[in-house]
Amino acid sequence: HSWKGAEEGKKSPPLVWRPFQLAFVVLAAASACCAESDDRGALDLLWFPTGGGKTEAYLAIIAMVAFYRRLKRSNPDEGIGTAAIMRYTLRLLTAQQFERASSLILAADLIRSGRVRSPNLKKPLGRKSFSIGIWVGGDATPNKFEDAIRNRGNGNG
């Protein structure tokens, strides 16, 4: 959040959680982290207009799950793996949400590596990085690693 303002030469306003975001995180925490939760089989669908804060709410859950999986194991690197899969129907929306999710993953990895201090974190988070990937279809991204390397930096892939 603060990096965006810094790159534009402005100070970013403080982040403020909306009540529904906090309620969502509190309600989803147990089922997101505990495989035995009775709520794992339930799905609630809420609609909020664009700009309502949905992305931040579910990115908070993704961060919580990613950290929790590493913190609950004696070897944090055993907690790695896919924590979330996100799907969007519009390519532009996919790219925008990927940018926001990437900011979260970068921040999580800075905390994991100790490059950003987290005073309440008393347990190591492992040596393996948090990571993120994207696939938006063969018309927008290469489907083969060799094609990705060949097209890197030329505007085709």
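**Close-up 1. Surroundings of Q21 in the predicted model.** Leaving aside residues up to four places away in sequence, Q21 touches V16, G53, E56 and A57, where contact means heavy atoms within 4.5 Å. Q21 is found in helix 2 (residues 19-33); helices are DSSP runs of H or I with at least four residues, numbered from the N terminus. Q21 is counted as buried because its relative accessible area is 4%, the classes being buried under 20% relative accessible area, exposed over 50% and partly exposed in between, with a 1.4 Å probe and protein chains only. This is a predicted model, in which local features need pLDDT of at least 70 and side-chain atom pairs count only at pLDDT 80 or more, whereas totals for chains, interfaces and linings use all residues. Residues are numbered from 1 along each chain as its sequence is written, and side-chain values use heavy atoms, with hydrogens and water left out.

**Close-up 2. Polar contacts of the Q21 side chain.** A polar atom of the Q21 side chain lies 2.7 Å from the backbone nitrogen of R18, and the side chain of Q21 also reaches the backbone oxygen of G53, at 2.8 Å. A polar contact is a pair of N or O atoms within 3.5 Å; within protein, one atom must be able to donate a hydrogen and the other to accept it, and residues adjacent in sequence count only if both atoms are side-chain atoms.

**Close-up 3. The salt bridge between E56 and R100.** The side chains of E56 and R100 meet in a salt bridge with an N to O distance of 2.4 Å. This pair links distant parts of the chain, with E56 in helix 3 (residues 54-71) and R100 in helix 4 (residues 91-113), 44 residues apart. A salt bridge is a side-chain nitrogen of Lys or Arg within 4 Å of a carboxyl oxygen of Asp or Glu, and by this rule the count comes to four. E56 counts as partly exposed at 32% relative accessibility, and R100 counts as partly exposed at 34%.

**Close-up 4. The salt bridge between R150 and D147.** R150 forms a salt bridge with D147, the closest N and O atoms being 2.4 Å apart. Both residues lie in helix 5 (residues 145-151), three residues apart, about one turn of the helix. R150 is exposed, with a relative accessible area of 57%, whereas D147 counts as partly exposed at 22% relative accessibility.

Methods. Helices (H or I, at least four residues) and strands (E, at least two) are DSSP runs, numbered from the N terminus.
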